[in-house]
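The structure comes below, and my notes follow it.

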Amino acid sequence: MSAPLGQTLPYRGDIDGLRAVAVLSVVLYHFGFPLQGGFVGVDVFFVISGFLIGGILWREYDQTGRIWLKNFYIRRFRRLAPAFFTMALVTTLVGWALLLPFEFREYGKSLIAATVYLSNVFFFRGAGYFDAASEDKPLLHTWSLAVEEQFYILLPLLIIFLARWRWGLLGVLVAVWAASLAGSILLTPHFQTATFYLFPFRAWELLSGVLLAIWGYETGRTWRGWAVLSWLGMTLILASIVLIPSGPLFPGLLSVPPVLGTVLVIANGLNRNPVNRMLCHRHAVFVGAISYSLYLWHWPVFTLSTYLRDGYANLLESLVWMAVSFGLAWLSWRFVETPVRRARSLPGGFVFGGTALASALLLGLGGWLYTQNGLPARFGPEARTHIAASGDFLQDWSRCYTADTLPLDGLEVCPIGPDGPPRILVWGDSHVRAFKEGLDLAAHEAEVPGMILWRAGCPPIFGVRKVENSATAAQDVACTQANKQIEQALGRLDTVETVLLIGRWSYYATGTGVGLDEANRIALHPTDVPEHIGTGQARLLASGAKHTVQKLSAWFPTVYVLRQPPEIPFYDSRRAAREAAHGTWPLAPAPQTTPTVNRATLAVRSALADAPWLPLAEEGRIRFLDPWPFFCDADSCSAVHDGTGQYFDNNHITNSAALRVRDVFAPVFSGVSQQTALTEQ
């Protein structure tokens, strides 16, 4: 967010008040208050920044015919850098005590990105702003700072480059504004993460402020205007804060109301009306004055406190942590921001040197955290067991490619085993991913090439479609389309001799997760009717399994199905690692995970998971592979084996487990090897 206005333009208390509205909406939204669109406070900040910086640069350009980049960047560094570096260092220290190694390693990467003003690109490449994982990224909020810093770099250079062509410069600014707005509107439905994070699609918001400042300067505006426009602007801002939903349609058209509202409020900010009197109230001005520091500190406080506490117990706890954010913001503003900003005698070379030194320190620190894998030795052996499991879920997918020829064109195909035409097809959901390393090694050991087709949350069943609460509608449709394409491709997979199906069958049979993921829901429907009526989901799954095996058997002599590994309902490696690492902290919640479960507890779900396949196995139509002996004894099943974590969460196994149990796949690959030997004889 932009720092408070300096001495280059006349001070306007209404803008500090508008800053207060913006930062409070963001803070309240993040701390869980019912402001559906509180995140639009960032858009308000963008317009404010564009107005102030655009006004400063245009005035200098008009009066001198040039832009003094050195002076401009000294002012930017003086106002923005000290508070940012302080926040980053303190967050790193707290992260050292709290964050697990793989999280601290990722934090190191984000620290590098934030320091070089590219965190918006970094987080764009990583994930979406509105997903649950965002709460585990202490520097996620720096994406908007990166957008503004990129603006601070490009706008002065554009003015310098076109300085001799005044009206051409204005034309270019308007053209870029229009192109950026059009890009945001047109591309948000298809590439929402890109339009949310990346500067080209946010530039129009900053340029809205720039063009307003230029218009005001060129026409000699006194910014008094009409009261009705102040009311309209504030109504648009507040309505956006309350009503605009997060998700796949923002920014796009939904970002227009808060931007337009901000333009109207600023353009009429000196009109004596109730809106501006409210904005100029001393409390609003104070919050606006500390808004930059408040924005900097509130997100690390939120992420790290919810990380430690595993969420907030109630609204009162949210208020307590908000108060902590305000306290840190005031300290930062009072003892970091203000002294450096007012130290006009501080030489520009010192400001540049200090910024360069602090940047080098953070870059080195981030690189060290990354290369040292997040410093795993910080925690004890019990925590390290679960820590290792939490990081043992990343596989090498470098051999994967998107097919560009029939019959699998458009689908991601992942070879396993030695190079060559695939003899084995492994088809399934994210459980295929979990078993990938074991499947690959088993294929190499048998010298049988194969291929994997997988899609998360997508049952490898023909004739059904799914609707899942953790997936988007587009992902649900993509699952249906991919399964239909695979069905149509069966007769053209000429080299494939055997098929192996892998899935979380209990999830599809019951329609729900269990234990720690019981909130996950999935509904199965026949693909040829809108919804199933009067047919239980388990029965529908059984019917789909029978239909699928019938289809596969028409083309492949042998069909294998992997029995779903036992679920460990209340285990999650990341949560278990946190509980072990933070167990002695005074604010840490009571442990909720357990790495073992009685077999009797699993009886109902496992029976429903097995029910579609057991009759087919008894009839000899499939071969049913059972991994349970690798994870269970006569009484219980465990997520840890000989001190090594076997589960990433309550249903996905780790790479270590996949390698250990790979012999369960021996019949799949040996059957193909034996058939090959007979053929060669």
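**Charges over rings**

I began with Arg660, whose charged end sits over the ring of Phe631 at 5.7 Å from its centre. I took a charge to sit over a ring if NZ of Lys or CZ of Arg is within 6 Å of the ring centre and within 35 degrees of the ring normal. I also found Arg202 over the face of Phe196, at 4.7 Å from the ring centre.

I note that this is a predicted model, in which local features need pLDDT of at least 70 and side-chain atom pairs count only at pLDDT 80 or more, whereas totals for chains, interfaces and linings use all residues. Residues are numbered from 1 along each chain as its sequence is written, and side-chain values use heavy atoms, with hydrogens and water left out.

**Aromatic pairs**

I searched the whole structure and got 33 aromatic pairs, where rings of Phe, Tyr and Trp (its six-membered ring) pair if their centres lie within 6.5 Å, and planes under 30 degrees apart count as stacked, over 60 as edge-to-face and the rest as tilted. Phe104 and Tyr107 form a stacked pair, with 5.8 Å centre to centre and 20° between the planes. Both of these residues lie in helix α4 (residues 101–115), three residues apart, about one turn of the helix; helices (H or I, at least four residues) are DSSP runs, numbered from the N terminus. Phe196 came up again in one aromatic cluster, together with Tyr29, Phe39, Phe46, Trp143, Tyr197 and Phe250.

**Cavities**

I counted four cavities of 30 Å³ or more, a cavity being a set of points on a 1 Å grid over the protein atoms alone where a 1.4 Å probe fits but cannot get out, with lining residues having an atom within 4 Å of a point. The largest cavity has a volume of about 190 Å³, taken as the space filled by probe spheres set on the points, which are joined across faces, edges and corners. Of its 18 lining residues, Phe84, Tyr117, Leu145, Glu149 and Tyr292 are the closest to the centre. The largest share of that lining, six residues, comes from α3.

**Ala383**

Which residues does Ala383 touch, not counting those up to four places away in sequence? I found Ala577, Ala580 and Ala581, with contact meaning heavy atoms within 4.5 Å. Ala383 is found in helix α17 (residues 381–390), and I call it buried because its relative accessible area is 3%, where buried means under 20% (1.4 Å probe, protein chains only).

Definitions and conventions: Helix = DSSP H or I, 4+ residues; strand = E, 2+ residues; numbered from the N terminus. 1 Å grid on protein atoms, 1.4 Å probe; cavity = no way out; pocket = protein on both sides within 12 Å on 5 of 7 lines; lining within 4 Å. Buried < 20%, exposed > 50% of the residue type's maximum accessible area, 1.4 Å probe, protein only.
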